[in-house]
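Take each one step by step.

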Amino acid sequence: MVKNKLALFGCVVLLIMILSAVFAPILARYDPDDLVDDPLLAPSASHLFGTDELGRDMFSRAVFGARISLSIGVVAVVISLTIGILIGSVAGYFGGFVDSLIMRFVDAMLAFPTIFLILSIQAILNPNIYNVMIVIGATSWMGVSRLVRGEFLSIKQRSYIEAARSIGCSNSRIIFRHILPNAMAPVIVAATLGIAGAILTESALSFLGMGVQPPMSSWGNMLMDASAYMQDAWWIAVFPGLLIFISVLSIYFVGEGIREALNPKG
Amino acid sequence: MLQIKNLRVEYESDNKIITAVDGINLTIEEKQIVGLVGGSGCGKSTVALSILNLIEKPGRIAGGQILWDGKDLLKMGSDEIRKVRGSQISMIFQDPFSSLNPVFTVGDQISETIRYHEGLGKRSALLRAQELLSDVMIDNPALRLKQYPHELSGGMLQRVMIAMAIACGPKLLIADEPTTSLDVTVQSEILQLMIDLKNNLGLGILFITHNLASVAEICDLVAVMKDGRIVEQSDVFKIFEKPASDYTKELLKAVPKLKC
Amino acid sequence: MLKVENLSKKFGIINAVDDISFEIEKGEIFSLVGESGCGKTTTGRLILRLLEPDCGRILFEGIDILKKSQSELKKMRKNFQIIFQDPYTSLNPRMRVGDIIEEPLKVFGIDAGAATLPHLLEMVGLPLNYVKRFPHELSGGERQRVGIARAIILNPKFLIADEVVSSLDVIIQAQILDVLKRIKSHLSLTILFIAHDLAVVGSLADRVAVMNHGKIVEIGNKDIIFSNPSHSYTKKLLCAVPIPDPIKSKFRK
């Protein structure tokens, strides 16, 4: 497992980010919402990432932003996993008509361009951090459900499931005690990648103003007005963008590492 | 004809080196069926794969010689050994269904090997394939040529495999558990076929199995393997009547006997 | 103890089990023998109602189990259990050995006491510390022992052994057959032994039924059938069995 250097690198980077997020109040020298200095100051010793267009310290914003972006990523995925696993296991286990019905529903959901769905929902609701999590979670469970259904369909045929039936196990016992633990491997990999996806989606939403609202900072909304200042104050756009990029890449590396680690065990 | 001298095969697992085959010596002559018997994991299939240098990572051949008419097979380059495979020494495996490509007809697959080794054109190769199918006692060879693997039964597929194996007139056939996954009536027919091939074509056969009864039926010589070593080796009558090693005795005791 | 009457099951147009009838007496080892596709495995599944038959009756101690609902059936499941063929797929790879064996107790909510598991392990010949191990750490023969322990923990009266030694080496096979003989006498079991290897059947069974293409072609006492078969298929089958004695070989000239 540790043989995979990329995964190790990814793990280390993620750990740094998570710790920064957790210890944000200690790491940030300034309050992220305060106007502490002149606007558009270049990165320096007192302002590691410079100041933004209003005069707020970018580094503090970034570190608090990590909290927001990472936690949205995780919660959204937890929501999508819960929905996806429930739906996928019912479809895969019972098969037949139930399966067809459920999968047609899944297909319909997949056919929706999710970004527009999210944008429409957010246009109706008042966007805030909580409904961003829920909306992302509620629109990204379809892939997981397909994975879980596939695993259930194949595991269902195995001898030890027949054995469980022969000793009188109920359906729910078979699903939760026997099939699910064996179906988790691809789901775990999908979950890690899902976190990356959720972070990207949140960033896009916040960038468009439909996600986390200022003054709360997320990496996405830090980019909101940054394009206007690209020429004069490149740090406003580059740092948040870089953080999003590095975190997503690290998650991918870790996900690949987990996939490889779970594979040979069979 | 074939002489295995002091063969050692190792493979790496979790940074440990495991010796699968530990210095075995075995000789196979023309018109001789030699049985290699042992429990699973004793190394007998590894021996078979080593002969044609088919061992892949994490396994490797660590020592010894395999002399075929005097030349060491283990020292041959890949081109040379490819010429030996199929035309001088052939191999058949346990599950015939997975050894055949499901998208090509039986005729195509048999003629492929004929065309590779003997350079015949498509038509003549197919004709030859049909002859081979009747040599292996398949019913209705002309029809079978056009069929796909999934249309044939296990016994018929094994005959097809044997036909492919003898297509280019090899002198040695390595049969790795050829009858293990077959029904008993079919098994009996394949065993009969192997003895016929030995008698009619002068074929030497290395018959690998864990079933001692089949060994008693058709083998001339028997080598018993355990944990990578040959614990006893002699002619078939002697092994069954006066087994010398304790392991052989244990094996013989465990064989269920049909009380008639 | 078990009576099967006119049992049939079709898969599509194929008659997997075609109107078969037989009886198994209490305390005997009854063997259903035949080549692949003859219907013996399907019959085993039908008896346990892991598959539903098309028609026929299955009487267990006089009660027609086909007429019972699923919940009534569940209560009866305590009395008949099955051991499966493939030791590599019949155990949940993510459960520990101890949990696998004790699961039937949990399903029925029975507390059998702390001494049950060690006693069972001893009966099937597994060391006590195997309780914490996972199936992939055990050999094929050891896994089969776990399967046997799981099948007898509820103290069933009737056991179906479905090709339980078919994928094992001859030495391990002999050991597992010994375990079966041992548990049979200890627990006074009645066993339905499904197999394709006539020699194995010959060493274990009291009575035998030979199946071919879904039908029973011959049925009766093992010694009588094996020494004097009346049906041509039985004769063909017996002739084909290889004999572990080179002198008696039928292939040598």
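**Exercise 1.** Which side chain meets R45(C) in a salt bridge at 3.0 Å, N to O?

*Solution.* A word on the source: this is a predicted model, where local features need pLDDT of at least 70, side-chain atom pairs count only at pLDDT 80 or more, and totals for chains, interfaces and linings use all residues. Residues are numbered from 1 along each chain as its sequence is written, chains are lettered from A in the order in which they are written, and side-chain values use heavy atoms, without hydrogens and water.

Step 1: look for a side-chain nitrogen of Lys or Arg within 4 Å of a carboxyl oxygen of Asp or Glu, which is a salt bridge. The partner is D162(C).

Step 2: D162(C) sits in strand β7 (residues 158–162) of chain C and R45(C) in helix α1 of chain C, so the pair ties together parts 117 residues apart in sequence. (Helices, H or I with at least four residues, and strands, E with at least two, are DSSP runs numbered from the N terminus.)

Step 3: check accessibility. D162(C) is buried at 3% relative accessible area, where buried means under 20%, exposed over 50% and partly exposed in between (1.4 Å probe, protein chains only).

**Exercise 2.** Find which residue of chain A forms a salt bridge with R45(C).

*Solution.* Step 1: E162(A) meets R45(C) at 2.2 Å, N to O.

Step 1: E162(A) lies in helix α8 (residues 159–166) of chain A, so this pair joins two chains.

Step 2: R45(C) is buried at 14%, and E162(A) is buried at 19%.
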